[in-house]
There are 2 protein chains.
Amino acid sequence: MARIIELETRDVRFPTSRGLDGSDAMNPVPDYSAAYVVLRDSDGGEGHALAFTVGRGNDVQVAGIRALAPLVIGRDVEEVTGDLGGFGRRLTGDSQLRWLGPEKGVIHMAAGAVVNAAWDLRATREGKPLWRLLAGLTPEELVSLVDFRYLRDALTPAEALALLDAAGPGRAERELSLLDDGYPAYSTTPGWIGYDDAKLARLAKQAVADGFAMIKIKVGGDPADDVRRLSVAREAVGPGFPIALDANQAWGVEEAIDRMAPLRRFDPYWIEEPTAPDDVLGHARVRAAVTPVRVATGEHAHNPVLFKQLLQAQAVDVVQLDATRVAGVNDNVAILLLAAAYDVPVCPHAGGVGLCEMVQHLAMFDYLAVSARQDSRMIEYVDHLHEHFVEPARIVAGRYTPPRLPGIGARMLPSSLERYAYPHGPAWRGDDPPR
Amino acid sequence: MARIIELETRDVRFPTSRGLDGSDAMNPVPDYSAAYVVLRDSDGGEGHALAFTVGRGNDVQVAGIRALAPLVIGRDVEEVTGDLGGFGRRLTGDSQLRWLGPEKGVIHMAAGAVVNAAWDLRATREGKPLWRLLAGLTPEELVSLVDFRYLRDALTPAEALALLDAAGPGRAERELSLLDDGYPAYSTTPGWIGYDDAKLARLAKQAVADGFAMIKIKVGGDPADDVRRLSVAREAVGPGFPIALDANQAWGVEEAIDRMAPLRRFDPYWIEEPTAPDDVLGHARVRAAVTPVRVATGEHAHNPVLFKQLLQAQAVDVVQLDATRVAGVNDNVAILLLAAAYDVPVCPHAGGVGLCEMVQHLAMFDYLAVSARQDSRMIEYVDHLHEHFVEPARIVAGRYTPPRLPGIGARMLPSSLERYAYPHGPAWRGDDPPR
C-alpha cells in the first residue's frame, strides 16, 4: 500500500521587476514567484504544484503549505487520489487552520497547492494530462469533488449532474476539434503599464499577426495615460479587434464608472477588476453603468462563495478563474459548474508563473464536459517564464494546443528550481543577468 | 529622533481544547492562540499587539507578521505614530505582499497586528488607554485613519466628518456615565457546544445573576441538540431574557432558514454567522426569512469592503467587529463609521485570547465619539484567559469597566508569554502535539 511520505516546499522567485514585465496599476514591480510543493509517495510517485505570488511574502505562502503537511503525510495514496473531493474538504475544513481564512488568502491558496499536487500525483499515476483525466470522470465523480455546503442556494448537486449530463452529446467531436484547432487565446503581453507607447504598438500589432483573439491593456494609472495608451493600441490593431482593459482593482466604485467614460469611445471589450475584488455589489453597479462594455473579474476572487454571489447579483459578464487562488481543481470545478449554470463564459486568468500551463487544462475540460462551448471564451496568454516548465504552454496560430504530458502542468525544470531558489539561488546572488 | 529598531514575534498557544472551552459547530477543539508582536523603538518604547488564532497555523500567522518587518524597521517613530492612517495604508498596500490577500486572511491579520502594535506604542507614549486616545482625536484626525478607496460609494470623508461632528454634543456626560457605569456586556460562557445540559443551565443562571445583558448559545450541530439546549437555556433564564444563537457558519443559506424554524419559538435575540461569512447575499436572504430574529455577523468579515456590502444589502441587524481580523484600529474605525452611517448597532466579537481586552476600547470610543449610543449595543464576554494580561478586562455588575492603563489592551504578562510559548514552553513540554 503506497503512502504519501513527503511534502517538500521550495521558495522560487524570478526577478521580473527588473524589466517591468507584469507591471500594472496595483503591481508596479512584481517578482513573479512560486510557492512550490512536491508530494512524494512510497512508490516513487510525485505530485507537483505551486501557488503563484508576486514576490515578497512567497515565504509566508510556503509556510502556509507546510502547515498542511501533518494532514497529508502518512495518508494512503489510493484513498487520497480515489476521493480528491474528500481530501480537499479535509484540508479546507481543518477546524484550527480554517480560522486563518476562512477559505481565503494564504491558507486557502496553500490548500489549493496541496490539492493540486494530489491531482498531479493522480494524473501522473494514470498517465493522463489533467484535462483528459477530468473529462473522463463520470458526472457523479465530478459532482463529488465540489463542496456544496455554501453553494446549494445557487446550484444543487442534482442540477450540477443534469448540467454535466447535458454536455455529453458531441463530446467526441469537440475533442477532435480541440486536438486539431486548440483553444482560443488572448494576449496581455502588449499592455503592461510600464511599457512605452512604441513597445505597446509594436507588441499589439504582433499579437494580431500572431492570431490572438484579443489583446489586453492595463489601465488605472494617470487618466490621460489611459486614454493615450488605449488610443495607441486601437490605432495599432484597427477597428473591431477586441481590446480588453484591466484596472487591477485600482478604482473605487463611482471612480470606475467615471474613469471608464472617456475610454468607451475606443470600444473596449471588457473592463477587468474595476474595483475591489470582494465587492459584489460594486461590480454589479459598475456593470449596470458601463454596459455594453463587459465586466470581468475573478483572479482575486477567493472562493466559490464569492463567484456564486457575482453570478447571483448579475455583477459579471466574464468569470476569470485562477489556477492557484482558490482551493485547487476542486474549487475550480465548482466555479465552472456555477458559471455554466448562470450561462456566463469563463475566460481564465493566466500569466504569472505556470498559470498558463495549469489553467489551460481547466478551460479544455470545460469545453469537453461542462459548458461544451468555446464562443466568447479565451484563455489569457503572456509570453514569459514558460521555458522553466517541463511542458511549456504551446500557442499555435494564437490558440492553446492541448498539453500531452501527464499531470496538471505545474512541473518546473529542476535546473530552474535551483537557479531561481530564493534567496540563495544563482539568479539572486547577482550571478545572473537581468531578464 | 527615535526609530523603530525591532519587531519581535512570539507563537503563544493555550491548550484550551483539553476542556472544550470555546467549542462550537465549526471549532470543536480550539487551542486559543496568539501570534504576538512587539515593536521596540530606540527610546525604549514598546508597542504590543497580537493576532488571535485557534491553534494550528499560529506559526503561519507569525510568519505573516514577520514578513512586514522590512516595512517597519528603521522608521521614524514620530512619523509612524503621527500618521497611523498612512502607516496602515503602507502595510496593506505593499504591492507584493498585497497579492497574498488582497486585504484578507493571514497577511491582512498580520497588518492588523502591526498596525495595532503601532497604536499601542503611541498610546503608551501618550500615557492613555486607546479608548481615551481615540476619543481625543479630532474628526479630521479620525477620518485620516480610514482608507476610503473602496468605501466612498457608501461613505465619503465629508459624510464621516459630519457624523463625527454630530457626535460631539453630550460627550462629557457620556464619559462620566461610562466611568460610573461601564459598558453593557453579554456572556458566551454558558453556551459552548461541548458543555452538557447541567453545566449549560448552571452557567446560564449564573450569567443572569451576574448582571449580563444576554447569553449566547452555540447551535449548528445536531438539530435535536439545538432544540434541547436552547430549551434548557430558556428554562434557565426565564422568558424575556435575551438569548443569542451562534451557528459559526455551519449552515448553507436555505439550510439556515430551515434550521432556524424550530428554534424561533424560544424567542432568540439574534442568529450569528448563519452561513459563510463572505456571503452578503446569503445573509440578506436569511435575514428576510428569519425576521424578527436579528442576523449578526462580522468576526470573520475580512475587511471594510465586506462590512460595507453587508450594510448596503441590509443583510445584518448587528455588526460584530473583531479586534484582530481586520487591519487593526484603522479598519475598525472605518467599520464603526460605516455602521453608524447605516444606523446599525455594533456588538463586538470577543473571547479568544485578549479580544475582550482589546475590543472594549473600540466600543467605548464608539459610545463617546461615533454612534454616541449604548442602546442595543453590548460587548461579548467570555471568562477565560484574562489572567494572562497586564490589565485583564474587568466586569462589574455585568458591564465592562473602562481600562485605565495606557495602550490597546493586548499586553500579556511575561510569565504567560514564557509558559505558553509554543512548542517549547512549560505548558506544552511533554504533551502530545495538539490535534
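## The contact between the two chains

In this predicted model, 52 residues of chain A are in contact with 52 residues of chain B. On the side of chain A that touches chain B, at least two residues each are supplied by α1 (58-66), α4 (105-126), α11 (253-260), α12 (280-290) and α13 (304-312) of chain A. Among these elements, α1(A) gives the largest share of that side, namely five residues.

## How the copies are related

Chain A is superposed on chain B by a rotation of 180° with 0.0 Å of shift along its axis, and the RMSD of this superposition is 0.0 Å. The two copies are therefore related as by a two-fold rotation axis. The same surface serves both copies, since 100% of the contact residues of chain A recur in chain B.

Where does chain A come closest to the rotation axis? Of its residues, G105(A) holds that place, with its C-alpha at 2.3 Å from the axis.

The crossing of α1(A) and α4(A) is right-handed.

On the side of α1(A), the contact is made by V60(A), Q61(A), G64(A) and I65(A), while α4(A) brings V106(A), I107(A), M109(A), A110(A), A113(A) and V114(A). The residues of this contact between α1(A) and α4(A) divide into eight nonpolar and two polar, with no charged residue.

## A sheet in chain B

Chain B contains an open sheet of three strands in the order β1-β2-β3, with antiparallel pairing. β1 (4-13) and β3 (46-53) of chain B stand at the edges with a single partner strand each, so one side of each is left without a neighbour in the sheet. Direction ignored, neighbouring strands of this sheet are turned by 15° against each other on average.

The antiparallel pairing of β1(B) with strand β2 (residues 33-41) of chain B extends over nine bridges, and T9(B) stands opposite V37(B) in β2(B). Helix α4 (residues 105-126) of chain B packs on the sheet, where it touches β2 and β3 of chain B, and the direction of this helix makes about 150° with that of β3(B).

## Two domains within chain A

According to the domain assignment, chain A holds domain 1 (4-164 + 417-428) and domain 2 (168-409). The centres of domain 1 and domain 2 of chain A, taken over C-alpha atoms, are separated by 21 Å, and 52 residues of domain 1 of chain A are in contact with 53 residues of domain 2 of chain A.

Which elements give two or more residues to the side of domain 1 of chain A that touches domain 2 of chain A? They are β2 (33-41), β3 (46-53), α3 (84-93), α4, α5 (130-135) and α7 (157-166) of chain A. The largest share of this side of domain 1, 12 residues, comes from α4(A). The residues of the side of domain 1 of chain A that touches domain 2 of chain A divide into 32 nonpolar, 13 polar and seven charged.

Key. Residues numbered from 1 in each chain as written. Chains lettered and ligands numbered in written order. Predicted model: local features only at pLDDT ≥ 70, side-chain atom pairs only at ≥ 80, totals over all residues. Least-squares fit on C-alpha atoms with pLDDT ≥ 70 in both. Contact = placed C-beta atoms within 7 Å. Helix = DSSP H or I, 4+ residues; strand = E, 2+ residues; numbered from the N terminus. Left-handed = near helix turned anticlockwise from the far one by under 90°. Nonpolar A, V, L, I, M, F, W, Y, C, P; charged D, E, K, R; others polar. Pairing = 2+ DSSP bridges. Axes fitted to C-alpha atoms, helices over the stretch in contact; angles between N-to-C directions. Domains from an automatic or database assignment.
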